[in-house]
Number of protein chains: 2
Amino acid sequence: MKASSYLIPTTKDDPQDAVVASHKLMLRAGLVRKSSSGLYSYLPLGLRILKKIEGIVREEMDAASALEFQLPILTPSEIWKESGRWDKMGKEMFRLRDRHDSESCLGPTHEESFCVLVKPMVRSYKDLPINVYQIHTKFRDEIRPRFGVIRSREFTMKDAYSFHLDDDSLDRTYQKMRTTYRRIFARLGLTTIPVQADSGNMGGSASEEFMVVSPIGEETLTLCDSCGYSGNIEKTPVVVVKNPNPKKEEEAVVETPGQKSITDVANFLSIRPENCLKAVALSCDGKYVLVFLRGERELNENKLKNHLNTNELRPMSQTELTQVGLVAGFIGPGFVPSKDLLVLVDSLADWNEAYVSGANEFDKHKKGVVLSKYFKSDEVQVLDLSQSLPGDPCPNCNSPLKAEKGIEVGHIFKLGQKYSKAFDITVLNDKGKATTTTMGCYGIGINRCMATVIEQCNDDKGIYWPISIAPFEVCLVSIAKNPEDISKIEKIYSALKASGVEVLWDDRDLGPGFKFKDSELIGFPVRLTIGKGFLEKNEITILNRKTMEETTHNFTTEENFVTEVKALLENLRKELAAKLT
Amino acid sequence: MKASSYLIPTTKDDPQDAVVASHKLMLRAGLVRKSSSGLYSYLPLGLRILKKIEGIVREEMDAASALEFQLPILTPSEIWKESGRWDKMGKEMFRLRDRHDSESCLGPTHEESFCVLVKPMVRSYKDLPINVYQIHTKFRDEIRPRFGVIRSREFTMKDAYSFHLDDDSLDRTYQKMRTTYRRIFARLGLTTIPVQADSGNMGGSASEEFMVVSPIGEETLTLCDSCGYSGNIEKTPVVVVKNPNPKKEEEAVVETPGQKSITDVANFLSIRPENCLKAVALSCDGKYVLVFLRGERELNENKLKNHLNTNELRPMSQTELTQVGLVAGFIGPGFVPSKDLLVLVDSLADWNEAYVSGANEFDKHKKGVVLSKYFKSDEVQVLDLSQSLPGDPCPNCNSPLKAEKGIEVGHIFKLGQKYSKAFDITVLNDKGKATTTTMGCYGIGINRCMATVIEQCNDDKGIYWPISIAPFEVCLVSIAKNPEDISKIEKIYSALKASGVEVLWDDRDLGPGFKFKDSELIGFPVRLTIGKGFLEKNEITILNRKTMEETTHNFTTEENFVTEVKALLENLRKELAAKLT
């Protein structure tokens, strides 16, 4: 491709509303343009990258015997009502009415659609397992679209759904997808960590997210350097280490005027937050719940939601607190029990330790509060409800955990029978008995992968693409102007093209500095500079964009030169492939 | 690909709601499934075909130097208001509001979006011409979706938009696209006729549709066997042949009780419709218009719309007619003129001939009505407003025209400056002067192409795909069950695959009759039958699906056999390529 007949609208300055590297660089390198909030247009260079990512995902999915489909984006409300998600999906789902006033949504995910489609095609256990997928546009009306294509409202997703006779079969496909995902991400040049994750509103028993460690990540991972454990903090179990000598203290009420938060109280009384007892009062789908935690801990809302099987959590209002007899800011054991209030205790809170807690009176706390004095252990549920902290023991090997931010690029789920039951997907087993199938589902955000690669592969000059998804493998920069020189370059260009090298020849009428900057910004893995040295003595300078190493080569024939370039590209491919093993 | 791990959900019986061949066969062959009204899911076999069509379109567009983009499907209402189409597009456009109550639509076409995107990228005449395209999902809320994917509500379209400094440049790209389109359709195996077309609500000066003649077509074409003229009937000019001896007759009122239509009156008075004068009274965007036509002719609403530059036509109501002094069913020259009523006369109506017309009195007509007695030729506009009829003189060579139904698979337009003006897309010309660009646009319905190929390529057994877009080139049907035989077939299968032949091996545990029927229904170009002859004496039967010719071949080695199959496929490719020249 000649740059003069291509579109390379690079810009020098950082765009105003972009805060992360990938967003800035995608705009500056002319890969995308913003169309409106959370909506992006792909320009030719950007689309080439996107299509290459799609290609790799497709190849690996096909190799894993998954079958590619394409389903409508518009999905009728009826099927969402059947699964119970029409209301559950809330405002994230774009909804519309057609000219006949029928309600639809723009599919944010396709469990329902695939269930309806696959159901009549699987009748016997012989038709299973089946793993179906598509690579298609999805929509989510994000509250706050951000980071460019990392969190956008319209995006390309690979979503796969597998159907099985039993859990063993589901487990085999789940493991196969796990391996496939690692291959896909490695081929894209991404280093991912699969972490135990929460299944959110997808339902189901097990799920893992594929995370790329990055300071801009919206998820928090807990990692163990010692045994390799990794988890999403939402799901990381907190290990209880028993205190052999629980603190003892006489019970006494203390005046704590205006001291409501744990930090306030600890400061005021010169104690550590760990010595306090925190009370969190919530309305969970309209049900009142009071949770006691050790003072330094935060409630992990996700654990609570899963335990109660609720969707919506919110703090109880002042009025609601009063109604059940609680004093806002000063709640502690000893309040008057109410049948409308469920009490839960985090397992980290020691049953025999003396804590400082609210005294259930305005502006008063109480010292020496011991839980076992107030609650009977068989009347109150003790659960793991707190958020993990760095330094907590690894749930696997007890070494201290560390925390990192991560970007989720893929997610695999064991859905179980949630959808197969809702849509009554049954097959006859080998004994002729109707059996409800079980399901898995597996997603990859294609555009997000593209941005995440940039987050991992950029420097002060711009992007350096892994060879597998670079928009072109080679950028040929020439500055010749007279026809004779140009025809000599044309030969090299044609020879490269003919040998299957993807080459962009920057033949634009611009200065060399400008072209060099563009090629480094866009990030072609290899740059060939054709200047005087070439025209006078068959000398070409080769730049490895990633290492920025430049070497000068002399060659006798074009074939000779092409061979050298191909060898270089082959090396880059091998380097990348080494990550696969 | 082995059929046992693929999905081939063929059905024997015609689906109930399918009336045309392509719709029936796409469902029966397991290429698509209906999801809801006007919405279809593509199954693996169908998606392979769709992707191959996309591939051919992409290759040819790229070869014509067009640049591929991908724009959001969701387009904000603002840009549609800027072009004036937010209201004009009416109910065909799916509209929705997001969580912030911003209005968007699902793009039914992308002139507006591409204008906004391209505008900042073209500043100088040096940046032009540029031809940008995408292959992406489009949405139209059709009143009556039908014929399967031929008229659906969600479909894949290739839409291209070109920007130019002047009309000459636009014309060059328009001609290039015309050639490209003929190449694309020929490669798909489609015989198309480019016809002069009306530009509809796209605006612009010239447009051609690429039509495939088919009885299920929704468009009517006028064709001239003599000179090759072709036009959409919406746009076909009607040539006036002067009557050298116009009929003369005394004017006289006749009682015609209850005879309102031309047919009624002609029958009642035993004359021919041609001897009557038809009056059509319409409200055009709220303006009243009365058109006189020769009795046997229908008004071509499109010609009228274009002349008046209006969108909405509807018959005037009884009340409206009375208001401007017209008597419904009995209108004729001699009515009391009204300044609120525009009178137009079709050019076929002879100015000096005596016609029978309404007498402007209830239940009365008038004989001997001559237009020139009632109207001054400089006061009334005489225009070509009637629909062409078979047998009309060709506008090019005067030979009689014939009419055919046609399916529109592509459309090219010269848009002119409609959108470049609305979005103020100007560049500096070579003298540094700001110049408004001019535009072209070019569309191909990808799914519709797939269905149209089936309309052209089917017989009583099913589909016969052109080799270029067949889901697999070769179907290998085997009925062996013992491991030794199977491993022998496996060798042939692997050798074919290794040599680049796309082969589906029907290794399913089904009877031969079932497999034969499936392969003929789905329509793989070549079928290889591996039965006893193969296992005993290396004999393979080859079926050419299109001709249904079967030949038996003996071979010595696998390579020998592969070479033979490849030669056969090469021949099929050459046959198809012959259509290109």
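Q: Is A:Phe69 buried or exposed?
A: This is a predicted model, in which local features need pLDDT of at least 70, side-chain atom pairs count only at pLDDT 80 or more, and totals for chains, interfaces and linings use all residues. Residues are numbered from 1 along each chain as its sequence is written, chains are lettered from A and ligands numbered from 1 in the order in which they are written, and side-chain values use heavy atoms, with hydrogens and water left out. The classes are buried (under 20% relative accessible area), exposed (over 50%) and partly exposed in between, with a 1.4 Å probe and protein chains only. The relative accessible area of A:Phe69 is 1%, so the residue counts as buried.

Q: What is the geometry of the ring pair A:Phe69 and A:Phe114?
A: Over all chains the count comes to 28 aromatic pairs; the rule takes rings of Phe, Tyr and Trp (its six-membered ring) with centres within 6.5 Å, and calls planes under 30 degrees apart stacked, over 60 edge-to-face and the rest tilted. A:Phe114, at 0% relative accessibility, is buried. With centres 5.6 Å apart and planes at 75°, the pair of A:Phe69 and A:Phe114 is therefore edge-to-face.

Q: How many residues apart are A:Phe69 and A:Phe114?
A: Helices (H or I, at least four residues) and strands (E, at least two) are DSSP runs, numbered from the N terminus. A:Phe69 sits in the loop between S3 and S4 of chain A, and A:Phe114 in helix H5 (residues 111-118). The pair links distant parts of the chain, with a separation of 45 residues.

Q: How many residues apart in sequence are the parts that B:Tyr6 and B:Phe472 tie together?
A: These two rings form an edge-to-face pair, 5.7 Å centre to centre with 80° between the planes, and both B:Tyr6 and B:Phe472 are buried. B:Tyr6 lies in the segment before helix H1 (21-28) of chain B, and B:Phe472 in the loop between strand S26 (462-463) and strand S27 (474-478), so the separation in sequence is 466 residues.

Q: What area do chain A and chain B bury between them?
A: Buried area is the accessible area (1.4 Å probe) that two parts lose on being put together, summed over both. The contact (heavy atoms within 4.5 Å) takes 47 residues from chain A and 47 residues from chain B. Of the area buried between these chains, 63% is on carbon and sulfur atoms, and the total is about 4,100 Å².

Q: Which residue of chain B forms a salt bridge with A:Arg153?
A: A salt bridge needs a side-chain nitrogen of Lys or Arg within 4 Å of a carboxyl oxygen of Asp or Glu. The rule finds two across the interface of chain A and chain B. In the one formed by A:Arg153 the closest N and O atoms are 2.9 Å apart, and the partner is B:Asp98.

Q: Which residues does B:Ser169 contact, leaving aside neighbours within four places in sequence?
A: B:Ser169 is in helix H6 (residues 167-187) of chain B and is buried, with a relative accessible area of 8%. Its C-alpha atom is separated by 21 Å from that of B:Glu209, 40 residues apart along the chain. With the sequence neighbours left aside, the contacts of B:Ser169 are B:Pro129 and B:His164.
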